[in-house]
Amino acid sequence: MEVNVIKVGDCVELMAELPEGSVDMIFADPPYNLQLENELLRPNQTRVDGVDNDWDKFDGFKAYDDFTRAWMRAARRVLREDGSLWVIGSYHNIFRVGAILQDLEYWILNDVVWRKTNPMPNFRGRRFTNAHETLIWAAKDKDARYTFNYDAMKSLNDDLQMRSDWLIPICSGGERLKDADGHKAHPTQKPEALLHRAILAATRPGQVVLDPFLGSGTTAAVAKKLGRGYIGFERDESYVEIARKRIGRVRRIGDLSLVDTPSKREQPRVPFGTLVERGLLEPGTVLYSPNRRWSARVRADGTLISADFKGSIHQVGAHVQGAPACNGWQFWCFPVEGKLVSIDLLREKIRAEMN
């Protein structure tokens with residue numbers, strides 16, 4: 001299969017040419033079917049540069065539903081069994097998209113709210129300012145072993161679990177592509193930060209990301225930056241030209257370890273006793289809880305002993321706290337120059353040598 005390409009044409013027809021189960025992730029930014037009847041004016045009567053392109057116009061909801069069902073069926077066929085689909089939309093279409101997605105037996109994993117830090121104001125003053133869009137993240141079925149790089153998302157969020165509300169600015173400034181006349185090259189260009197998060201969350205380096213509505217090429221550009229392969233389909237040749245130039249300027253990273261965050265669950269198992277055998281912790285070393293409230297001593301056999309209990313780092317940690325369970329790697333610390341350092345750092349040192 002040809003990868004790292006952009007093709008001009010109808011996405012349903014082009015997806016039919018791909019092998020079954022050939023892509024790892026699909027990011028779809030389909031037409032929103034905005035149903036705009038009149039041009040939108042600011043209070044000073046200047047025209048808002050919104051979406052009034054022919055590709056966003058449909059003859060009613062049924063026509064839009066038929067269109068949605070067709071591309072989603074085609075997408076399901078080319079998606080790997082362990083792959084996932086992202087689709088983004090506004091209140092105009094996302095509920096219809098979600099219902100059709102479930103009708104086709106995709107399994108919704110999350111709905112993610114992209115909250116815009118700088119949304120377009122509601123100039124008519126008759127509704128709330130529309131300050132977000134919704135992404136649906138779905139697997140092929142409820143039993144799919146889809147990719148989710150939990151540790152990468154946690155690291156990206158200052159070591160806190162990533163939430164499903166993403167505060168990201170709309171595409172503006174130097175990132176916004178312009179045509180020769182200084183106008184927006186594409187009316188719905190998405191910020192690279194949004195695609196960075198989605199692609200990093202759901203793929204690994206070397207996997208292939210498909211965008212059936214490529215537009216100005218954001219998905220392909222970010223996939224290339226992150227060491228993923230890309231395939232883009234787009235009907236409008238002027239957008240394809242913009243996307244190809246844009247992607248041509250992107251440098252693919254050489255060291256793929258910089259764009260990969262292996263799951264801790266996939267790392268080699270390192271027993272606590274290995275730290276003792278290797279001399280990283282001597283028998284008799286006193287370990288402390290992060291707040292120094294509890295302590296225990298290291299034994300030669302890789303267990304700990306507190307004032308009244310002996311067992312593994314997990315068992316002793318749970319006992320001293322009166323808790324049902326404890327992650328001893330995160331709980332116990334050892335002193336270094338007056339500061340407490342997690343024993344997990346010693347485990348990572350050994351894993352690095354093993355890798």
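How do the residues lining the second largest pocket divide into nonpolar, polar and charged? I'll come to that after some ground rules.

This is a predicted model, where local features need pLDDT of at least 70, side-chain atom pairs count only at pLDDT 80 or more, and totals for chains, interfaces and linings use all residues. Residues are numbered from 1 along each chain as its sequence is written, and side-chain values use heavy atoms, leaving out hydrogens and water.

Now the pocket. A pocket here is an open set of points on a 1 Å grid over the protein atoms alone, with protein on both sides within 12 Å along at least five of seven lines; a lining residue has an atom within 4 Å of a point. The lining has 21 residues, and Tyr 150, Asp 151, Ser 263, Lys 264 and Arg 265 lie nearest the centre. They split into 4 nonpolar, 8 polar and 9 charged, with Gly counted as polar and Pro as nonpolar. Helix H4, residues 150-156, gives the largest share of the lining, 4 residues. Helices are DSSP runs of H or I, at least four residues, and strands are runs of E, at least two.

Next, helix H9, residues 313-321. Its buried residues are Ile 313, Val 316, Gly 317, Ala 318 and Val 320; buried means under 20% relative accessible area, with a 1.4 Å probe and protein chains only. Those residues pack against helices H8 and H10 and strands S10, S11 and S12. After H9 comes Gly 322, with a positive phi near 70 degrees.

Last, Phe 27. Beyond neighbours within four places in sequence, Phe 27 is in contact (heavy atoms within 4.5 Å) with residues including Trp 86, Leu 135 and Thr 219.

Key: 1 Å grid on protein atoms, 1.4 Å probe; cavity = no way out; pocket = protein on both sides within 12 Å on 5 of 7 lines; lining within 4 Å. Buried < 20%, exposed > 50% of the residue type's maximum accessible area, 1.4 Å probe, protein only.
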